[in-house]
Amino acid sequence: MGKAFASELAALEDTLAWALTRDVTGLQKFVADVADRPLVAIGSGGSSTACHLAALLHRTRHRRPAHFTTPLDVLSIPAGLHRAGVFLASASGKNKDVLAAFDACIADEAPAVAAITLRAENPLKDAASSFARARVFAADAPAGKDGFLATNSLVATCTLIARAYGFEVAPPKTRRRSLTGAIFENRHMVQILHGGWGSPVATDLESKLNESALAAAQLADYRNFGHGRHLWLANRSAETVVVALVTPGTAAIADSTLKLFPKSIPVVRLDTTLDGPSGTIDLLVQAFHLVDRIGETRAQDPGRPHVPEFGRKLYRLTPPRVRPTIDAPIERKLWASPEGVANIKTFQQGLKQFLARARATTIGALALDYDGTLCTKDGRFDGLREDVVIECSRLLKAGIHLGIATGRGKSVREELQKALDRKLWARVHIGYYNGTDIGALGDNNLPARDEPNDEVLKRAQALLSADGWLTAAAKVDPRPRQITVEPRGATRTDALAAHVMARLAPLDGEGVRVVVSSHSLDVLGPTRGKGSLVSWLREQIGDGRDVLCIGDRGAWPGNDYALLAEPMSLSVDEVSSLNDACWNLAPRGISGPDATLLYLRAVKARGGIGTFSWKESSVP
């Protein structure tokens, strides 16, 4: 079974060169998406090493909590994935455990998911294709499938994720001559000391030694080793070898620790002069070669172990599956609830009443957010999807008015004019700049492009423009009744909003507020926001009919929180904790335009009168 381990090591240089030239744009977008979230990195076997590195990268780049874990962990105990970014690593993208973990991501509606696979076509990629917030790197690596132990796939995955987080990866500086396996000849226990960027290598070395049955391994960081782990070494030194993984950041503590060891204790020291993930990969390759040397000493090829039949059966066991016991709309409200233990019955009754009211309401207009609702964040400048255009046109032809509430300006008008038949424009209304400038789709004089004309916003603009860091990190774009602040790079939106509000503190009490979208934040004055468009639409349709509101950012400070506080309101993503509004009825994992499409199709219209015919069976 497997490949000769030495042949796999010989391919590492080519694998690294390949990984350094791959396009990681999709992974970089994921990294930006999760900048203000914790990260959960999930993988089994050799992939655990890449997940360990991903967690370190996230903590280093974004200063957010991150941890790596196994699929069974997130399948057994609630992992809070609905509040975290999720990274999955799987060389083949087909093992049952990683597929079950992905199902858990969908069930828990993780806001952003990324996966790296080293097969161009695989089941994980197929599963992710139906999840709008999943980004998958899938390509055939030049070395092909790994043998029994993860080698080339692991180096490639670590390189790709490091590059996605903005790190340059330097070639390893492996010193093969300094590695020897003779010291392990009569010793079958390895204590691995590590810290910092060497920690993922400790995870990998423990995995390879145990999986290949070359030796048993224990892990401890340099300081945890001093809290009792040293007693094993003191009492079992005749059967134990210490492997010390040393990076520039841990060199001092490693030296201090190893100097205290009795000279009789054998130590194999793997050093790197490279820092960051480059140091991790350098040590990783050195650890591969150490495993190879131990295998030579044992006359055993680590890449070709004998796998017993019960081991094959163990691998093929089916992991437990996440089976939600609460309907998706209810669970979303529970996640948003400020209560420590929310009352499920309250939300169940609220949903029942909302659906009854929605079915009984005569609809004359729809007010829709644009970015994240009618189009995705990534595709917000690509125009509307054809299936969305078809449904919007159907409603317009049936006499229903459409209002578009957007934080943007004329680009939305231009996109809608291209997408919709001119004969339908009369019933399309746009609330530019979060509803502060409203007009018909055919009015090319809107929106106004002047500087702020509100005195409070003028002062807000002056305060923001005087902030050197802000103007360097973000584009500050003033409008008559809004100031848009859009990050130039991967600046965290939550931190940016906090900085802007702190800068605007002198205007406290004067009605200035900030709302956040998927790609920017907007500073508004004391005038009403997207709710103005709803009032405008009610004037257009007259008495007897109401407005159905649809958006994606229903929880404050999301820019749809006021729009989705209306009695007839649906979310395609985030919900508020309101019991009587802002319900997300879409199936689990369905969001953005895909969920909008379901809502639009549920509106049956004729002669300017619409009804919402959503069936409860649509709610899983």
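Modeller: Contact means that heavy atoms lie within 4.5 Å. Among contacts in the chain between residues at least 6 apart in sequence, 73% join residues at least 24 apart. The model is predicted, so local features need pLDDT of at least 70 and side-chain atom pairs pLDDT 80 or more, while totals for chains, interfaces and linings use all residues. Residues are numbered from 1 along each chain as its sequence is written, and side-chain values use heavy atoms, with hydrogens and water left out.

Colleague: How many helices and strands are there in the chain?

Modeller: The chain has 23 helices and 21 strands.

Colleague: Why is Ser 520 called buried?

Modeller: A residue is buried under 20% relative accessible area, exposed over 50% and partly exposed in between (1.4 Å probe, protein chains only). Ser 520 has 4% relative accessibility, and therefore counts as buried. Ser 520 is found in the loop between strand S16 (513-516) and strand S17 (521-524). Beyond its neighbours within four places in sequence, Ser 520 is in contact with residues including Thr 484, Val 485 and Glu 486.

Colleague: What makes a polar contact between the side chains of Ser 520 and His 519?

Modeller: The term requires a pair of N or O atoms within 3.5 Å; within protein, one must be able to donate a hydrogen and the other to accept it, and residues adjacent in sequence count only if both atoms are side-chain atoms. The pair from Ser 520 and His 519 joins side chain to side chain at 3.5 Å, and is accordingly listed as a polar contact.

Colleague: How do you know that Ala 54 is buried?

Modeller: Its relative accessible area is 0%, and Ala 54 is therefore buried. Ala 54 has its place in helix H4 (residues 47-62). Leu 39, Phe 87 and Tyr 165 are among the residues in contact with Ala 54, its neighbours within four places in sequence left aside.

Colleague: What makes S14 and S16 the edges of their sheet?

Modeller: Two strands pair if DSSP finds at least two bridges between them. The open sheet has four strands in the order S14-S15-S17-S16, with antiparallel pairing. Strand S14 (474-478) and S16 each have a single partner strand, so one side of each lacks a neighbour in the sheet. S14 is joined to strand S15 (residues 482-487) by five bridges, and Val 476 stands opposite Val 485 in S15.

Colleague: Which strands does helix H19 lie across?

Modeller: Helix H19 (residues 455-465) lies across S14, S15 and S17, at about 25° to S15. Axes are lines fitted to C-alpha atoms, for helices over the stretch in contact, and angles run from 0 to 180 degrees between N-to-C directions.

Colleague: Why are the buried residues of H19 said to line one face of the helix?

Modeller: The buried residues in H19 are Val 456, Leu 457, Ala 460, Gln 461 and Leu 464. Seen down the axis of H19, they fall within an arc of 140°, so they line one face. That arc is taken over the directions from the helix axis to the C-beta atoms. An α-helix has 3.6 residues a turn, so residues three or four places apart point the same way. Among the partners against which the buried residues of H19 pack are helix H20 (468-473) and helix H21 (493-503).

Definitions and conventions:
Helices (H or I, at least four residues) and strands (E, at least two) are DSSP runs, numbered from the N terminus.
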